[in-house]
Amino acid sequence: MKKYIFMIVFLKMSIAKSPNHLNQWIIWNVGQGQWMTQIENDSCTHFDFGGEIFMLSKIKPLYIQKCRNKTNKLYLSHAHWDHYAFYNFILKNNIKTCWDSKPQEELKGIKQQISYCNEPTKQNNIQILFYDQTAKKCNDRSIVLKTNEFLIPGDSPSRKEKKWALNIGPTNQIKYLILGHHGSRTSTGELLLGKLPNLKMAFVSSRFKKYGHPHKDVLQRLHKHHINAIRTESWGSILIL
């Protein structure tokens, strides 16, 4: 089994200012959880940063190589531990860590509080598509993000997808999806997939034998729309250049 898969993908990045501008993406192999990172010359921007703690030793060397001693900016979709379990690890290994966006509820298990970034990452075309902070269930309060060619819905279930998918705006640029709720059958519904005509790949960090994710119904829906499902469980951490 490969530890990493290196995928050369030509992304239309509006922030690329020169040939020397570093712009890479990693979907980390965190077991059951979610952690995606955009890597630039002097910063790493994390879109959720959680998973199973036993996976940390496997991904730590690559993280140290790519992000240590850079400014680390954090986006968190919702307050479930499997989406922010590596918070304390990130703080320990960087000169500066700050919030770009996070939900309003309390985060348990946090040893040190951090402030918001002085200048939120506007240049990366990061958009908050949906946030229902009054919802009773934590998954329902997931902040749904769009950035460059990625759609990142957190654990937003299909009952919420039906609301925000109708108002998602232009979607032609979206080519990559982080599967909602780790590929649970209650996310990534037909309505959403029908709104993403240029979607090419869906990524998921999960453990099938223990949690049953990604669910077979989701895989069938993706297959119907000719979308490849890429699992970190099979391929390891995925580096997109």
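Trainee: What is the relative accessible area of glutamate 190?
Mentor: Start with the scale: buried is under 20% relative accessible area, exposed is over 50%, and partly exposed lies in between (1.4 Å probe, protein chains only). Glutamate 190 counts as partly exposed, because its relative accessible area is 33%.

Trainee: Which kind of model is this, and which pLDDT do side-chain atom pairs need in order to count?
Mentor: Residues are numbered from 1 along each chain as its sequence is written, and side-chain values use heavy atoms, with hydrogens and water left out. The model is predicted: totals for chains, interfaces and linings use all residues, local features need pLDDT of at least 70, and side-chain atom pairs count only at pLDDT 80 or more.

Trainee: Which residue forms a salt bridge with glutamate 190?
Mentor: A salt bridge puts a side-chain nitrogen of Lys or Arg within 4 Å of a carboxyl oxygen of Asp or Glu. Here the closest N and O atoms are 3.5 Å apart. The partner of glutamate 190 is lysine 224.

Trainee: How many residues apart in sequence are the parts that this pair ties together?
Mentor: Helices (H or I, at least four residues) and strands (E, at least two) are DSSP runs, numbered from the N terminus. Glutamate 190 sits in helix α4 (residues 190-194), and lysine 224 in helix α6 (residues 216-224). So the pair ties together parts separated in sequence by 34 residues.

Trainee: Is lysine 224 buried or exposed?
Mentor: Look at the relative accessible area of lysine 224, which is 56%. Because of that value, lysine 224 is exposed.

Trainee: How many salt bridges does a search of the whole structure find?
Mentor: One of them joins glutamate 190 and lysine 224. Another joins arginine 231 and glutamate 233 at 2.8 Å, N to O. Over the whole structure, the search finds seven.

Trainee: Which residue does arginine 207 meet in a salt bridge?
Mentor: The N to O distance is 2.6 Å. This pair links distant parts of the chain, 155 residues apart: arginine 207 is in the loop between β11 and α5 (208-211), its partner in the loop between β4 (43-50) and α1 (56-67).

Trainee: Which side chain of opposite charge is nearest to aspartate 100?
Mentor: Aspartate 100 belongs to strand β6 (residues 96-101). Aspartate 100 is buried and has no salt bridge. Lys and Arg count as positive, Asp and Glu as negative; His and the chain ends are not counted. At 5.4 Å away, the nearest opposite charge is on lysine 73.

Trainee: What is the relative accessible area of lysine 73?
Mentor: Lysine 73 lies in strand β5. Its C-alpha atom is separated by 8.5 Å from that of lysine 96, 23 residues apart along the chain. Lysine 73 counts as buried because its relative accessible area is 13%.

Trainee: Which side chain makes a polar contact with that of aspartate 100?
Mentor: A polar contact pairs N or O atoms within 3.5 Å; within protein, one must be able to donate a hydrogen and the other to accept it, and residues adjacent in sequence count only if both atoms are side-chain atoms. At 3.4 Å, the side chain joined to aspartate 100 is that of tyrosine 75.

Trainee: What is the volume of the second largest cavity?
Mentor: A cavity is a set of points on a 1 Å grid over the protein atoms alone where a 1.4 Å probe fits but cannot get out; lining residues have an atom within 4 Å of a point. Points join across faces, edges and corners, and the volume is the space filled by probe spheres set on them. Tyr75 and Asp48 are among the lining residues. The volume is about 50 Å³.

Trainee: What is phi of aspartate 48 near?
Mentor: Aspartate 48 lies in strand β4. Aspartate 48 is buried, with a relative accessible area of 1%. Its phi is positive in a residue other than glycine, near 65°.

Trainee: Which element gives the largest share of the lining of the largest cavity?
Mentor: The largest cavity has a volume of about 60 Å³. Two elements give two or more residues to its lining, β11 (201-204) being one of them. The largest share, three residues, comes from β3.

Technical notes
1 Å grid on protein atoms, 1.4 Å probe; cavity = no way out; pocket = protein on both sides within 12 Å on 5 of 7 lines; lining within 4 Å.
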